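Please read the report below alongside the sequence and the three-dimensional structure.

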Amino acid sequence: MNIADMMGALRRRWYVLVVGVLVAAAAAYGVWTVVKVDFTRTATQLMLPGPATIPEDANPFLYVGGLSQAADVLTRKMGAPDVLADVNDAHPDVEITVTRDPLSSGPVLLITAVSQSDAAAGQAVEELVRLTDTTLRDIQSTERIPDAERITLVTLTQDSEGVVGTKNRMVAAGGAGLGVGVLTLLLVALIDGLARSRSRRRGRKRRVPPGIVLPDDGDGQAQEANRAIDDEDIIDAAVGTDVQEDASGPREDPKTRRVPEPAARMP
């Protein structure tokens, strides 16, 4: 079925299309109300150099450019499963990540927690903020770095409310509506095809008076009807009666070419 045939089927079976559109809208709305939204909370932390690694009384924010490698080391450490095991166990429904902030070229860490519960996402972010600071101190303690040279973390931002994300809801609702729409198109094509096929069969079985030749409309129905007329005439001629009578009197017998004499009447 090409596009033209499909458009014709939609025009003829418009009522099926209307019902399908209503069902698709209802399905999309139902999925939209059922699927829950996600809440995303974030926090950012900046690394600062130790006071002994910069000039005396200098602004530490002016010397953060050399801490990018240290930020990479910390994010790699925070990505280890054993480091995040306690947080994951406490919040199994929360998706947490600790990465470098893509919007900053400095040593800024980005903590992200995504959950269907805003409160759970907020608790996970708070625990991660404390965990990154503890992990950084443990790494430097293991390397026996003097306290005056140790890198510290400063929290720059931390969300107090989660950002509502509707991506999953939109994808689910759109998929439901699209699925019903595709099924509607298939149903329209099936109903229209069955109806047209039934109409063709009825047209072929319809009797046409003898002697009438139908014009050929290109679909073969007229040829079938004309052939049926010719066959019917041949059968009538082969099995016709010897004498055919009507209201005007006896007819000529087609076999003997004679007109039968009228039967004698009883007194």
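Aspartate 57 sits in the loop between strand 1 (38-48) and helix 3, where helices (H or I, at least four residues) and strands (E, at least two) are DSSP runs numbered from the N terminus. The model is a predicted one, in which local features need pLDDT of at least 70 and side-chain atom pairs count only at pLDDT 80 or more, while totals for chains, interfaces and linings use all residues. Residues are numbered from 1 along each chain as its sequence is written, and side-chain values use heavy atoms, with hydrogens and water left out.

Although aspartate 57 is not a glycine, it has a positive phi of about 60°. Most residues other than glycine have a negative phi. Aspartate 57 counts as exposed, at 78% relative accessibility; here buried means under 20% relative accessible area, exposed means over 50%, and partly exposed lies in between (1.4 Å probe, protein chains only). Arginine 144, which is likewise not a glycine, has a positive phi of about 55°. Its place is the loop between helix 5 and strand 4 (152-158), and with 74% relative accessibility arginine 144 counts as exposed.

The table gathers the relative accessibility of several residues discussed in this report.

| Residue | Relative accessibility | Class |
|---|---|---|
| Aspartate 57 | 78% | exposed |
| Arginine 144 | 74% | exposed |
| Tryptophan 14 | 54% | exposed |
| Tyrosine 15 | 39% | partly exposed |
| Arginine 13 | 16% | buried |
| Aspartate 192 | 2% | buried |
| Valine 125 | 1% | buried |

Arginine 13 lies in the loop between helix 1 and helix 2, whereas aspartate 192 belongs to helix 6 (residues 167-205). Arginine 13 is buried at 16% relative accessibility, and aspartate 192 is buried at 2%. When residues up to four places away in sequence are not counted, arginine 13 touches Val188, Ile191, Asp192 and Ala195, contact meaning heavy atoms within 4.5 Å. Aspartate 192, with its neighbours within four places in sequence left aside, is in contact with Ala9, Arg12 and Arg13.

Two packed helices are described by the angle between their axes and the distance between the axes. Helix 1 (residues 3-12) packs against helix 2 (residues 14-34) at an angle of about 85°, with the axes 5 Å apart; axes are lines fitted to C-alpha atoms, for helices over the stretch in contact, and angles run from 0 to 180 degrees between N-to-C directions. The two helices are therefore roughly perpendicular to each other, since angles of 65 to 115 degrees count as roughly perpendicular, under 35 as roughly parallel, over 145 as roughly antiparallel and the rest as oblique. Leu10, Arg11 and Arg12 of helix 1 meet Trp14, Tyr15 and Leu17 of helix 2.

The structure holds 1 aromatic pair. It is edge-to-face, because the rings of tryptophan 14 and tyrosine 15 have their centres 6.0 Å apart and their planes at 80°; rings of Phe, Tyr and Trp (its six-membered ring) pair if their centres lie within 6.5 Å, and planes under 30 degrees apart count as stacked, over 60 as edge-to-face and the rest as tilted.

Helix 3 (residues 68-78) and helix 5 (residues 118-142) have axes that come within 10 Å and cross at roughly 115°, which makes helix 3 roughly perpendicular to helix 5. On the helix 3 side the contact is made by Leu74, Lys77 and Met78, and on the helix 5 side by Leu131, Thr132, Thr135, Leu136 and Ile139.

Valine 125 also has its place in helix 5, and it is buried, with a relative accessible area of 1%. Not counting residues up to four places away in sequence, valine 125 touches Arg41, Thr42, Ala43, Ala113 and Gln158.

For the chain as a whole, the secondary structure comes to 7 helices and 7 strands, and 27% of its 267 residues count as buried.
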